[in-house]
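Hi everyone, thanks for coming. Today I'd like to walk you through some charged side-chain pairs, so let's get the structure up on the screen.

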Amino acid sequence: MYDQLRVATPADVRSANGQLMPFISSRYRSALQKLNDSYRAKRPAAILVSKGRWAPSGVVDSFRSGIDEDAVVARIDRSCADATSFMHEIIQSIGFDSSGMGLADLEKVLELFLQHQRQNKRRTIIAIQYSDKHSWWVLDTVRRLVEAEAEMKYGLMIILAGPPDVISALNDPILDVINHQAGERIVLTPLKLCDTRDFVRERVAAMSASNGTPIDVGQVFEFDAVSLIHEICGGVPDDVDRLCSKCFELLAGNEGRLVTVEVVKDAASLAQLSAELPETAVDLPILDVEPETAGSGKLLVDSVGEELAELELMESSVLIGRDQLCGVCISAAGISRFHGMLVRSDQKLHFVDLNSTNGSHVNGHKVDRCSLHDGDIITIGSTRITYVSGEEREPAYKAAGADFDELSCLDQSLESPVTRLSRDLQLIKTS
């Protein structure tokens, strides 16, 4: 069974409809909408930023299937060392033989093609993967194409896709025209846990379908194993697929054996993804809270690449962090697995930093713990969380050097080991 599920390269993993399997439409619907909006607005460029390589490919594939049938889409799916090889890729993608042509001839052919497209009211899209791997001269060629499109209106749109590193390259002042014409960058955030489960389910279904014998994901993966895969990979589809493949390799020839948590850990080590394997529990404070005061106020969560989220405070204690157990789950840079906690006690809402790696700030001041008032802003990493109580605002820091609120109303030490979270984890596993 596991031999049937193995895959050599990402390009081989395709579902029955020909789309790249890792694309989860429910997760990237917003990004796809933004790309469609740019296309309808006739923007000369769009920038897709993602930690993985496959998500942008999936978005472009879905975008391509929904645009005009007579539009020509040229895909550049490998890195180019210079402008000449880049232009060869474009010309070949639009259906011309570029053999023996120099850079000047290639550019002339593209110019004539774009003029022909414009005369016939047809659009042209050039989708460029691995934007961070191309030489600087390739980006300069893109700049000149974008400038020409902004002036001549050929109907050309260039989609640049790459990891966050590509932003550094595009920040060169010479390339400002790309940023200006592209408008808002489209950021593809990592998958959520539910999306990773769907990803693994589709992976099993896609690879077993080729054998003609459907295999249910429950016949291959233990439930907890998929959660661990998500945690190790941080929701990046490329890493999730790579780790799944390593799991299959370890169990090749062992019919009937499931992918367990231990198998995932071994596979992660082989795939060099195990730098920080998560533990089953974490040291959190045990806090006495007042459930009768829950349900007061809300949080406005503003995270880079995500729409502004509004969350009602329905619980008397709320965890904030990357872990899916957190009531405020944030998949962003600078956020620890369990970063902080909101606790309501003595008719007040308090924020506690849980010894996070990068620390927490309230209204610009670094804090370990403090009381919150209406309008106070918690900053963790690049995420801003605004507390809205509906009450009259009182600043958390009335004067420089003011004493911190040490949560004297809490009876137990913040260093107490967690027991409640461990019990909740056990209930989840056995339910």
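A quick definition to start: buried means under 20% relative accessible area, exposed means over 50%, and partly exposed is in between, with a 1.4 Å probe and protein chains only. This is a predicted model, where local features need pLDDT of at least 70, side-chain atom pairs count only at pLDDT 80 or more, and totals for chains, interfaces and linings use all residues. Residues are numbered from 1 along each chain as its sequence is written, and side-chain values use heavy atoms, leaving out hydrogens and water.

Now, the pairs. A salt bridge here is a side-chain nitrogen of Lys or Arg within 4 Å of a carboxyl oxygen of Asp or Glu, and that rule gives 16 of them.

Let's look at R75 and D61, whose closest N and O atoms are 2.8 Å apart. R75 sits in strand 2 (residues 72-76) and D61 in helix 3 (residues 54-66), so this pair ties together parts 14 residues apart in sequence. Helices (H or I, at least four residues) and strands (E, at least two) are DSSP runs, numbered from the N terminus. Are these two partners buried or exposed? R75 is buried at 17%, and D61 is buried at 14%. Both also belong to a salt-bridge network with D77.

Next, helix 5 (residues 103-119): K108 and E111 are three residues apart there, about one helical turn, and they form a salt bridge at 4.0 Å, N to O. K108 is partly exposed at 44%, as is E111 at 30%.

Thanks, folks, happy to chat!
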